[in-house]
Amino acid sequence: MDTTTIIKNLHPLEIKVLLKYSAADKLTAEKLQKDLDYKEGHANQAFSWLGGKGLVEVVEKIPHTFYEITDLGRAFAKDGTVEERAAAFVKENGAKTLPELASGLKIENKDIGSAFGLLSKEGVLKMNEEKKAEYTGKPLPASIATTAALLKKAAAQESGQLDLTTLSKDEQTVIATLAKKRGAADSPFKTIERETVVYKLCGNYKEVVSDLKKSGI
C-alpha cells in the first residue's frame, strides 16, 4: 500500500501514534493510555488498524497473573477466615464439638471440619477425650496471618486485584492455595491470566510520517 493511500485512510487515533513514536519505542495499550490519554479500547483499535496497514508489528507477548478477591474473600477480609474465627471462638469460649463450633459461628459443618483439620495439623487445636476441639495455646501459623494480610490488601484495592509480580515468595505460595481459575465463588481469590502485547512501528512508517508532516496534518 503506497503512502498516499495509507494517509487517506488514517484515523486520528493512528496519526497520533505515528507522530508520537519511533521504531525504537516499545508500544503497549497501557503506554498509549498514559502518553496519549487513550482508553484501552482506543489503543487496541489503533494497533489493529496500524497493523492492517503494515505499520506496526508484534514483538513480544508478556504473560501476567492477577488474583482478584471474590465476595467470599471480601467477607473473610471483613470478618476473618474460618480458621481465624474457629481458633478465636474456642480460645474465648472453651472446648466445643465441631457442630457446636459451626453453630456458634454460623458456618457450615464442612467448612468447620476443613478449618479444624488445618488447625489440628498445625497444633493450634486438638480433639480432647470428650471429642471436643480444644485450644492448645499455640499461635496461628504464619500462613494464616499471610492469608489475612493478602485478603485485606486486595480488599483495599479499587480493582480488588493483586499482581503476582508484586507479591513475596511466601505470599505467592499462600495465594496459590486460595485461588481458582474457574468456579471461584467458593474460593477467596479468582486467578486471572492476561498478557501484555508489545508492538513497534515498522514497514514504511517513516515515509508515512514524513508525508504526514508535509501535509500539515
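Select helix H2 (residues 12–20) and colour its buried residues, where buried means under 20% relative accessible area, exposed over 50% and partly exposed in between, with a 1.4 Å probe and protein chains only. They are Leu 13, Glu 14, Ile 15, Val 17 and Leu 18. These buried residues pack against H3, H4, S6 and helix H11 (205–215); contact here means heavy atoms within 4.5 Å. Helices (H or I, at least four residues) and strands (E, at least two) are DSSP runs, numbered from the N terminus.

The model is a predicted one, in which local features need pLDDT of at least 70 and side-chain atom pairs count only at pLDDT 80 or more, while totals for chains, interfaces and linings use all residues. Residues are numbered from 1 along each chain as its sequence is written, and side-chain values use heavy atoms, with hydrogens and water left out.

Axes are lines fitted to C-alpha atoms, for helices over the stretch in contact, and angles run from 0 to 180 degrees between N-to-C directions. Angles under 35 degrees count as roughly parallel, over 145 as roughly antiparallel, 65 to 115 as roughly perpendicular and the rest as oblique.

Which residues of H2 and H3 meet? From H2 come Lys 16, Val 17 and Lys 20, and from H3 Leu 32, Asp 35 and Leu 36. The residues of this contact divide into 3 nonpolar, no polar and 3 charged. In this division Ala, Val, Leu, Ile, Met, Phe, Trp, Tyr, Cys and Pro count as nonpolar, Asp, Glu, Lys and Arg as charged, and the others, Gly among them, as polar.

Next, select Asp 37, in the loop between H3 and H4. Asp 37 is not a glycine, yet its phi is positive, at about 60 degrees. With 69% relative accessibility, Asp 37 counts as exposed.

**Aromatic rings**

Move to Phe 47 and Tyr 199, which form a stacked aromatic pair with 4.0 Å centre to centre and 15 degrees between the planes. A search of the whole structure finds 1 aromatic pair. Rings of Phe, Tyr and Trp (its six-membered ring) pair if their centres lie within 6.5 Å; planes under 30 degrees apart count as stacked, over 60 as edge-to-face and the rest as tilted. The pair links distant parts of the chain, with Phe 47 in helix H4 (residues 40–52) and Tyr 199 in strand S6 (residues 189–201), 152 residues apart. Both Phe 47 and Tyr 199 are buried.

Then display Phe 66 with Arg 194, which lies over the face of the ring at 5.1 Å from its centre. A charge sits over a ring if NZ of Lys or CZ of Arg is within 6 Å of the ring centre and within 35 degrees of the ring normal.

Thr 65 can be selected in strand S1 (residues 56–69). Thr 65 counts as buried, at 19% relative accessibility. Beyond residues up to four places away in sequence, Thr 65 touches Leu 162, Asp 163, Leu 164, Thr 191, Ile 192 and Glu 193.

**H6 against H8**

Now select helix H6 (residues 82–93) together with helix H8 (residues 109–121). Their axes come within 9 Å and cross at roughly 75 degrees. H6 and H8 are therefore roughly perpendicular to each other. The contact is formed by Val 82, Glu 83, Ala 86 and Ala 87 of H6 with Asp 111, Ile 112, Ala 115, Leu 118 and Leu 119 of H8. By class, this contact has 7 nonpolar, no polar and 2 charged residues.

Asn 93, also in H6, is partly exposed, with a relative accessible area of 40%.

Leaving aside neighbours within four places in sequence, Leu 151 is in contact with Ile 69, Gly 73, Phe 76, Ala 77, Thr 81, Pro 188 and Phe 189. Leu 151 and Thr 81 are 70 residues apart in sequence, and their C-alpha atoms are 9.3 Å apart.

Finish at Asp 186, in the loop between strand S5 (179–180) and S6. Asp 186 counts as exposed, at 51% relative accessibility. Not counting residues up to four places away in sequence, Asp 186 touches Leu 72 and Lys 180.
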